[in-house]
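Here are my notes on this one, written as numbered points to read alongside the model. Have the viewer open as you go.

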Amino acid sequence: MSDVPIHRLLSMRNSRTILEVAGEQAGVSTVGATLIRDGTNVLYRLTGGVVARIGPAGSQLVAERQIRASRWLAEAGVTVVRTIDNIEQPTVVGDQPVTWWVELPEHRHATPAELGSTLRQLHGLVASEALPLPIVDPLEGLDASIGRGFILLDEDRAWLKSLVKQLGVDYRELAPSVPLTVIHGDAWQGNVVVPMAGGDPVLLDLDQLGLGPREWDLVSLAVDYTDFARIVEADYRAFVVAYGGYDMTVWPGYRTLATIRELRWTAFVLGKSDVSAKAAEQARYRVSCLKGEVDRPWTWSAF
């Protein structure tokens with residue numbers, strides 16, 4: 001028997017059907033399509049250097065913004081994942097959008113310095129009226145995610161909800177003094193990749209592109225250094241230098257954004273805990289870390 005959970009098998013079968021229907025509508029061959037990733041978005045590799053990206057239900061507006069953002073960023077000089085231009089996009093099947101992208105060559109994750117230089121370029125852009133961008137809210141959806149964490153003890157759920165409330169107060173106090181700029185929204189080394197054969201770093205995954213504090217893009221690598229010891233000091237310093245010399249770990253609001261980012265990572269795993277015993281165990285461990293019951297540096301398993 002297959003080791004793949006039945007809910008995921010059903011999801012894969014459903015996404016394959018959506019892919020085939022979208023391909024027929026858009027005139028794109030889906031014969032021989034191979035699954036790349038089955039997550040919030042489902043990605044398939046097609047023949048001819050095309051990647052199909054199936055968004056979650058109700059995300060058509062997000063998909064449309066991704067298409068416009070890719071083209072706008074390219075025009076602004078940012079090396080970014082590119083759309084297939086001779087197809088009307090997105091292709092909508094039911095209430096799920098399918099977008100079509102140029103497949104990247106073989107690549108690796110960016111180094112901290114490469115991430116820093118890419119974010120410096122992105123944050124230097126002037127927002128365009130032709131591309132209305134949403135205001136990024138780092139706390140969006142957190143309370144609801146925690147409420148669905150059925151594997152949590154009642155006292156842990158209550159503690160997390162209280163934490164979200166306090167972080168909301170702290171963030172609102174910071175917000176008036178922090179300028180908004182164009183940000184990626186989920187900036188980590190895996191969302192900037194570098195072709196193995198050489199070339200500029202490429203910005204990926206534009207779902208959360210919007211207007212927000214630059215610190216929200218900088219915090220992920222910063223906590224990798226301060227709270228997880230995933231990178232050494234030399235790599236973090238290279239990131240800071242490449243970004244232009246700004247070290248957000250000395251910014252007064254650092255701990256607020258760091259905790260929000262770590263809470264989002266916890267909520268992500270919590271969302272998988274109802275179907276995965278490993279995710280449930282990891283979610284409980286992460287909550288213990290956030291409560292101060294585990295000393296830093298923390299070791300969190302990837303999901």
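1. A quick definition before anything else: I call a residue exposed when its relative accessible area is over 50%, and buried when that area is under 20%. Bear in mind, too, that this is a predicted model.

2. With those cut-offs, take helix H7 (residues 233–243). Its buried residues include Tyr236, Phe239 and Val240, along with Ala242 and Tyr243. They sit on the same side of H7, because the arc they cover around the axis is only 165 degrees. On the face turned away from that buried side you'll find Ala234 and Val241, both exposed.

3. What do the buried residues of H7 pack against? Their partners are helix H3 (112–123) and helix H6 (214–226). Just past the end of H7, have a look at the backbone of Gly244, where phi is positive, at about 125 degrees.

4. Now the sheet. It is open and built from five strands, ordered E1-E2-E3-E5-E4, with antiparallel pairing. Strand E1 (34–38) and E4 are the edge strands, each pairing on one side only. On average, neighbouring strands are turned by 25 degrees against each other, ignoring direction. Helix H2 (residues 60–75) packs on this sheet and touches E3, E4 and E5. The direction of H2 makes about 20 degrees with that of E5.

5. Is it mostly buried or exposed? Six of its seven residues are buried, so the rest of the structure largely encloses E5. One partner is strand E3 (residues 50–54), joined to E5 in the antiparallel sense over five bridges. In that pairing, Ala52 stands opposite Trp100 of E5.

6. Strand E4 (residues 91–93) also pairs with E5, again in the antiparallel sense, here over three bridges. If you want a pair to display, Val92 has Pro97 in E5 as its bridge partner. The two strands form a hairpin with two residues between them, and Gly94 in this hairpin takes a positive phi near 65 degrees.

7. Moving to a loop: Thr30 lies between helix H1 (6–26) and E1. Its relative accessible area is 15%, and since the cut-off for buried is under 20%, Thr30 counts as buried. Which residues does Thr30 contact, leaving aside neighbours within four places in sequence? Those are Leu19, Glu20, Gly23 and Leu46.

8. Last, a helix pair. Two packed helices are described by the angle between their axes and the distance between the axes. For helix H8 (residues 254–270) and helix H9 (residues 277–290), the angle is about 155 degrees and the axes are 8 Å apart. Angles over 145 degrees count as roughly antiparallel, so H8 is roughly antiparallel to H9. Their crossing is left-handed.

How values were computed:
Residues numbered from 1 in each chain as written. Predicted model: local features only at pLDDT ≥ 70, side-chain atom pairs only at ≥ 80, totals over all residues. Heavy atoms only, no water. Buried < 20%, exposed > 50% of the residue type's maximum accessible area, 1.4 Å probe, protein only. Helix = DSSP H or I, 4+ residues; strand = E, 2+ residues; numbered from the N terminus. Pairing = 2+ DSSP bridges. Axes fitted to C-alpha atoms, helices over the stretch in contact; angles between N-to-C directions. Contact = heavy atoms within 4.5 Å. Arc of directions from axis to C-beta. Parallel < 35°, antiparallel > 145°, perpendicular 65-115°, else oblique. Left-handed = near helix turned anticlockwise from the far one by under 90°.
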